[in-house]
Amino acid sequence: MFAEDPGRGDQLVGEAAGLYLDYSKNRVTRETLGLLLELAESAALAERINAMFRGDRINTTENRPVLHIALRAPRDASIIVDGENVVPKIHRVLNQMAAFANQVRNRSWKGYTGKPIRNVVNIGIGGSSLGPVMAYDALRHYSDRALTHRFVSNVDATDFAESVRDLDPAETLFIVASKSFATLETLTNAKTARAWLLTALGDRDAVARHFVALSTNAEEVRRFGIDTDNMFGFWDWVGGRYSIDSAIGLSLMIAIGPEQFAQFLAGFRAMDDHFRSAPLDHNLPVLLGLLGIWYNDFFGAESYAVLPYDTYLARLPAYLQQLDMESNGKRVDLDGSQVDYQTGPIVWGEPGTDGQHAFYQLIHQGTKLVPCDLIGFLEPLNPSGRHHDLLTANLFAQAEALAFGKTTDEVGAEGVTESQIPHRTFPGNRPTNVILGTRLSPALLGALIALYEHKVFVQGSIWRVNSFDQWGVELGKVLARQIASELEEPAEPTLAHDSSTNALIHRYRAARPPS
């Protein structure tokens, strides 16, 4: 295709919100793209986009609007939910967050003993943890380095123990992120944090100076010991995996400051504006979404790799795993009928160049087709000698090598022995998208996250699944509560599980020390 169309690399590109997308190294012709766009039109994608921005209840199984886009709306916007413009109350929470973040940053917020806060520990799970830790790592360059930030999510006690091992309780603030203030893992960790604090400081009144809540359940927050004046709210029309730009981002705002957080929101907003207004054939989230459907549904590619060539984005693949797989990992459509086509792909990846010496072998020469998104920046945040040139050269080289490979004739011409030729031949024709920004900044990160949010929405719309519920996480939670009680009962419980689960419970109980 490149030989037949020398201008392909300059034409199959797009740009929006500071991001440049080169999608020329995909197995698509202009006819393919036209047919994919017809598919989007037949799915009424443009109307679905408008419905989301209007605040229609497109989360049908929970009868809710889907308004993460409202979280970054400008102050003068109007987005109506149940007859109320929700934008003013969003900005009230942002103002509350900014006032608190500034107090922590300028050291005027004091702990119970009068010491300023120097350590911030975010306690959450799912989007309430993946979002903050990803964004903090990504924007660490812009953070206040005098503050230590830690993130606790796993109910494994080791996660908490290692996170606080070197911290002074008198200088530590805990941010507890749970909309209901009833999430089992989060509340278990929060209670452990409270016990750790009180062991050191002794007085239960200390809790109010060392804990704040990201929640809507004022009664439970108050019962825990947190002052509800330090409760930062959000709404049921924001899913956890879409919430980093809500109160869930408080730890990030403390780290980078309200002004930089405002730039973060501006980046989201710029991509939102592009997604809502750009024609489908020039719309970056639409193009990425359609290309993903092309490989997932027409080539049988079961996964795609996200490969950021920036160490600060090391947690981005894990963040996108939840965003994509929790949103579109569905087997029934909006009507509840089982689909007869593939929906959400498996998402994975690691930063380049580390991944090149780990799993790129499979991508280049394996039997599986793995489309890749390679993400990089034209300017480094930490310039040092040749480092950035070599990093970027590797990004460009991988995209070229995956696309064009190396033929048997080319290998043979290098004087390689006949028996070695098959092992050194690269088939090529492996698709990539290259996404470039000028420099990793709060605004660029916001735009990048929104790009993928909307890509996931595009694919869910075409697959006709609800991208905004997550019933698949519920069954395990219910069973875990039941099994936990059976593991902890002093007397041998009567078990009604399958024989495997019963045997595992008995084995665990037998290994426990006598009470």
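Thr353 is situated in the loop that runs between β11 (346–348) and α14 (360–365). The structure is a predicted model, and the peptide bond joining Gly352 to Thr353 is cis in it, with omega at about 10°. This briefing also covers two non-glycine residues with positive phi, Asp82 and Arg107, and the surroundings of Asp159 and His91.

**Cis peptide bond**

- The cis bond has Gly352 and Thr353 as its two partners.

- Asp82 has a phi near 50°, a positive value although the residue is not glycine.
- The loop between β3 (80–81) and β4 (84–85) contains Asp82.
- Asp82 is classed as exposed because its relative accessibility is 66%, and the threshold for that class is over 50%.
- Arg107, likewise not a glycine, has a positive phi of about 70°.
- Arg107 is placed in the loop between α4 (87–105) and β5 (119–123).
- Arg107 has a relative accessibility of 19% and therefore counts as buried, since the buried class covers values under 20%.

**Asp159 in helix α6**

- Helix α6 spans residues 157–164 and includes Asp159.
- With a relative accessible area of 21%, Asp159 is partly exposed, because this class lies between the buried limit of 20% and the exposed limit of 50%.
- When residues up to four places away in sequence are left aside, Asp159 is in contact with Phe151, Val152, Ser153 and Asn154.
- The Asp159 side chain also makes a polar contact with the backbone nitrogen of Asn154, at 2.8 Å.
- Between Asp159 and His210, which are 51 residues apart along the chain, the C-alpha separation is 19 Å.

**His91 in helix α4**

- His91 forms part of helix α4, the helix that covers residues 87–105.
- A relative accessibility of 11% is the reason why His91 counts as buried, the limit for that class being under 20%.
- Apart from residues up to four places away in sequence, His91 touches Ala73, Pro74 and Arg75.

Terms used:
Residues are numbered from 1 along each chain as its sequence is written. This is a predicted model: local features need pLDDT of at least 70, side-chain atom pairs count only at pLDDT 80 or more; totals for chains, interfaces and linings use all residues. Side-chain values use heavy atoms; hydrogens and water are left out. Helices (H or I, at least four residues) and strands (E, at least two) are DSSP runs, numbered from the N terminus. Buried means under 20% relative accessible area, exposed over 50%, partly exposed in between (1.4 Å probe, protein chains only). Contact means heavy atoms within 4.5 Å. A polar contact is a pair of N or O atoms within 3.5 Å; within protein, one must be able to donate a hydrogen and the other to accept it, and residues adjacent in sequence count only if both atoms are side-chain atoms.
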